[in-house]
Amino acid sequence: MIKPGTVAAPQHDDMSRPPAPADAPPADTAPVVFRARGLSKTYHAGDVAVPALRAVDLDIRRGEFLVLLGPSGSGKSTLLNILGGLEVASAGTLFYEDHDLTAADDEALTRYRREHVGFVFQFYNLIPSLTAWENVALVTDIVTDPMPIDEALSRVALGPRRDHFPSQLSGGEQQRVAIARAIVKRPQVLLCDEPTGALDYATGKLVLETIARINAELGTTAVVITHNAAIAGMADRVVHLGDGRIQRIDVNAHKLAPSELSW
Ligand code: ADP
């Protein structure tokens, strides 16, 4: 396992190269970092109770690349948001290492998110008046041991575009700035909610390639939501959700590179 912070900044401005092989133990021997048991979430809209997650049991190992797959409304975002400390479960338990996230108060959840989790969403949420470099720099003020900003931009192959504003970047490039912003704090966990949902095919692949590279090179545990079954080929494991439940979990004996996926 490569520990965050021990690797020299790579020069990744050539996106055609495949990610370096993961120097990580096999996924089934790495330590469990998330342990969910009976995890449930029910939303209340007026008098109506909406069960979004129903008694989910799931272990996620350090360095794993996990894809959450399922139709709209199957509970993917709810599970991701609970893993990321953005929402709290209604029942069950969820541990991140020795942190009991189901018992954490707002302050503890904020600390957990800040110290451990990088988020990437479908829409990039960049600040239009700031350059790529400045958008990433915003995060480094609030964390203790950030990666150099230029390293974060280099890891998403945007070194040469550091001084460009979001309006001067394509959708895929903006998403890669968002990934740089997520990884600059060296998070142990990268949570991505439909990261390619707003992108065309080729650009989406570059973004997936970037996420796979971060997972492989930094050992960052990655959980990626998609409703695109083709993306599942690049995961270590694919968790199929339906109606708030885990329907099955597939293990990929041979992960595909994003360039090998087609949809
Ligand atoms: P997915 O990400 O798979 O599309 P979600 O986790 O977003 O699914 O939603 C699961 C279910 O929970 C859906 O029925 C959705 O309508 C409901 N839901 C999600 N968020 C809320 C909310 N804030 N209030 C009420 N219902 C919600």
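**Fold, ligand shell and nonpolar core of the predicted model**

The secondary structure of the protein comprises six helices and 10 strands. The model is a predicted one. Of the 263 residues in the protein, 41% are buried. Among contacts with a separation of 6 or more, 73% join residues 24 or more positions apart.

Four of the strands are arranged as an open sheet in the order 2-1-4-5, with antiparallel pairing. Strand 2 and strand 5 (99-100) are the edge strands, each pairing on one side only. Within this sheet, strand 1 and strand 2 are joined in the antiparallel sense over 10 bridges; threonine 42, for instance, has proline 51 of strand 2 as its bridge partner. The hairpin formed by strand 1 and strand 2 has two residues between the strands, and glycine 46 in this hairpin adopts a positive phi near 65°. Strand 1 also pairs with strand 4 (residues 91-96), again in the antiparallel sense, over five bridges. In that pairing, arginine 37 has threonine 93 of strand 4 as its bridge partner.

The ligand is surrounded by Tyr43, Ala45, Val50, Ala52, Gly70, Ser72, Gly73, Ser74, Gly75, Lys76, Ser77 and Thr78. At least two residues of this shell are supplied by each of strand 1 (32-45), strand 2 (48-61) and helix 1 (76-83). Helix 1 provides the largest share, namely three residues. Classified by residue type, the shell contains seven polar, four nonpolar and one charged residues.

In soluble globular proteins, nonpolar side chains tend to be buried together. In the present model, the largest nonpolar core contains 65 residues, of which Leu68, Ala180, Leu190 and Ile211 touch the most other members. The element that gives the most to this core is helix 6 (residues 201-218), with eight residues. When residues up to four places away in sequence are not counted, leucine 68 touches Lys76, Leu79, Leu80, Val223, Ile225, Val239 and Leu241. One of these contacts, Lys76, is also among the residues that surround the ligand. Leucine 68 is therefore a member of the core that touches a residue of the ligand shell.

Key
Residues are numbered from 1 along each chain as its sequence is written. This is a predicted model: local features need pLDDT of at least 70, side-chain atom pairs count only at pLDDT 80 or more; totals for chains, interfaces and linings use all residues. A residue is near a molecule or strand if its C-beta atom, placed from the backbone, lies within 6 Å of it. Ala, Val, Leu, Ile, Met, Phe, Trp, Tyr, Cys and Pro count as nonpolar, Asp, Glu, Lys and Arg as charged, and the others, Gly among them, as polar. Two strands pair if DSSP finds at least two bridges between them. A nonpolar core is a set of buried Ala, Val, Leu, Ile, Met, Phe, Trp, Tyr and Cys residues joined through C-beta atoms within 7 Å. A residue is buried if 20 or more other C-beta atoms lie within 10 Å of its own, exposed if 12 or fewer, and partly exposed in between; C-beta atoms are placed from the backbone. Two residues are in contact if their C-beta atoms, placed from the backbone, lie within 7 Å.
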